[in-house]
Amino acid sequence: MLFRQLFEPVSSAYTYLIACDRTGQAALIDPVLETVERDLDLLQGLGLTLACTIETHIHADHVTGAGRLRALTGSKAGLPAASGAEFFDFAISEGEPIAIGEMLLRPIYTPGHTDDHHCYDLESDGASRVFTGDALMIDGCGRTDFQNGDAAILYRSVHDKIFALGDDTLVYPGHDYNQRRVSSVGQERARNPRLGGGKTVEEFVAIMARLNLPRPKKMDVAVPTNLHCGESSAGAAAH
């Protein structure tokens, strides 16, 4: 397997490149519009073919690069079936693995940050990785105060599904604001100040209720555009 973790500094968003080294087929998890050229250069440099893009959820802080990448490469765009999005090529649901060459990416439905959120579990080369989007971050988690978010539901998603994975499973988050790159399920279960260390659902709900975070600056543009697979209304209509 080929693997790269890529960073977009304005939204502090991670994009993940995973590729089957036997077939040269690649996928990008959570591509960002502003870094499409970077991602294309990397794919070309590694001699890979972009088979698909995969979203963890409908993002509120950036516009996905899925539509632009599809137009430039012919890749397929995958979005969670629960998102209600349009103009995607395949729907993502738990229990329906996504083939990337000879690899299988396993979607895990983890609502709570948003009502469509999915994480992705990948076992390859003797290592287990879970791409957690905004459901679980390093020492934190995504907010739960818009897009049908719900703190109690997020608690159950993390505890029943992510924390149920093996301790050594590597956790790759959708964002980090402190230049951290990777954690593990065991570390987050033990130390995450919001969700780990034996925190109860009541304690977590109270923590999330006190955050009082500002509205994402790009939300009014990003959400409707991402519901059209990252394309403008004109581009989406032409698809």
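Residues are numbered from 1 along each chain as its sequence is written, and side-chain values use heavy atoms, with hydrogens and water left out. Because the model is predicted, local features need pLDDT of at least 70 and side-chain atom pairs count only at pLDDT 80 or more, whereas totals for chains, interfaces and linings use all residues.

Trainee: In what order do the six strands of the open sheet lie?

Mentor: Strands are DSSP runs of E with at least two residues, helices are runs of H or I with at least four, and both are numbered from the N terminus. Two strands pair if DSSP finds at least two bridges between them. The edge strands, each pairing on one side only, are β1 (2–8) and β6 (90–92). With mixed pairing, the order of the open sheet is β1-β2-β3-β4-β5-β6.

Trainee: Which residue of β4 is the bridge partner of Ile 29?

Mentor: Strands of a sheet pair through backbone hydrogen bonds, either parallel or antiparallel. β2 and β3 run antiparallel and are joined by four bridges, whereas β3 and β4 pair in the parallel sense over five bridges. In β4, the partner of Ile 29 is Ile 54.

Trainee: Why is β3 described as largely enclosed by the rest of the structure?

Mentor: Buried means under 20% relative accessible area, exposed over 50% and partly exposed in between, with a 1.4 Å probe and protein chains only. β3 is largely enclosed because the number of its five residues that are buried is four.

Trainee: At about what angle does helix α2 run to β4?

Mentor: Axes are lines fitted to C-alpha atoms, for helices over the stretch in contact (heavy atoms within 4.5 Å), and angles run from 0 to 180 degrees between N-to-C directions. Helix α2 (residues 66–73) lies across β3 (25–29), β4 (49–54) and β5, and its angle to β4 is about 155°.

Trainee: Which residues lining the largest pocket are the closest to its centre?

Mentor: On a 1 Å grid over the protein atoms alone, a pocket is an open set of points where a 1.4 Å probe fits, with protein on both sides within 12 Å along at least five of seven lines, and lining residues have an atom within 4 Å of a point. About 690 Å³ of space lies in the largest pocket. Of the 35 residues that line the pocket, the closest to its centre are Ser 11, Asp 61, Arg 143, His 175 and Tyr 177.

Conventions. Grid points are joined across faces, edges and corners, and a volume is the space filled by probe spheres set on the points.
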